[in-house]
Amino acid sequence: MSAVIEERDGGPLVVKEAARLTGADGEALEAKPVMALCRCGQSNNKPFCDGSHKAAEFDSGRSDDHTPDGLRAYGGKDITVHYNRMLCSHAGECEARLKAVFDPSRNPWIVADNGSRDDIIAVVTACPSGALSYSEPDQPPQHAIDAAPGITIEENGPYRVAGIPLASARAADGGSTDKYVLCRCGKSKNKPYCDGTHHDVNWRA
């Protein structure tokens, strides 16, 4: 059986054959062959599901007012940065690492010529959600990933997934099947993907 994440309608994320499950404190948790991970935000046994989604009447669907799905290109002389806001979990890695290129207070917020090719690729690699990708002249967009296959739980935040496909294949424009971030608080408008709402509502695990 290959590793996969299945979404249960109105219920948890069922993870099969994950090679790794890392807790918010950085310690390894037991990665069982089949695990049900909470995504309603209500379980008393987080990160695992305890059935609380039923009492909470959890809606696992994407909201009608979800972020539009679309890939936008920010061209530079040597490299083009691509961005799909619907996938973004707003972890802030890009701005923290290379604000000359990635500055949300500016329009356009991405200016590829303000950084070197290698620095931009390093930021794309660090982006946990796969919202960022890059392309070089005459090449298609590509993602970069350096995390070992598995799931990392962000403290009071989402699940960062590497190398495990999502069975529902809810594809997003330019999205990666090997790197994405899934909502854990139950509040995202872009479910199953995290949209950063856990910050806005001060969600605590």
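Student: In what order do the strands of the open sheet run?

Tutor: Strands are DSSP runs of E with at least two residues, helices runs of H or I with at least four, each numbered from the N terminus; two strands pair if DSSP finds at least two bridges between them. Here the open sheet of five strands reads S4-S3-S9-S10-S11, with mixed pairing. S4 (28-29) and S11 are the edge strands, each pairing on one side only. The model is predicted: local features need pLDDT of at least 70, side-chain atom pairs count only at pLDDT 80 or more, and totals for chains, interfaces and linings use all residues. Residues are numbered from 1 along each chain as its sequence is written, and side-chain values use heavy atoms, leaving out hydrogens and water.

Student: Which strands run parallel, and which antiparallel?

Tutor: S3 (residues 21-22) and S9 (residues 150-153) run parallel, joined by two bridges, with Thr22 opposite Thr152. S9 and S10 (residues 159-162) are antiparallel over four bridges, and Ile151 has Val161 as its bridge partner. Val161 is also the bridge partner of Tyr180 in S11, where S10 and S11 pair in the antiparallel sense over four bridges.

Student: Which residues have the most contacts inside the largest nonpolar core?

Tutor: Such a core is a set of buried (under 20% relative accessible area, 1.4 Å probe, protein chains only) Ala, Val, Leu, Ile, Met, Phe, Trp, Tyr and Cys residues joined through side-chain atoms within 4.5 Å. The largest has 43 residues, and those with the most contacts inside it are Ile5, Phe102, Ile110, Leu132, Ile151 and Leu182. Helix H3 (117-126) and S9, S10 and S11 are among the elements that each supply at least two of its residues; H3 gives the most, with four.

Technical notes:
Buried means under 20% relative accessible area, exposed over 50%, partly exposed in between (1.4 Å probe, protein chains only).
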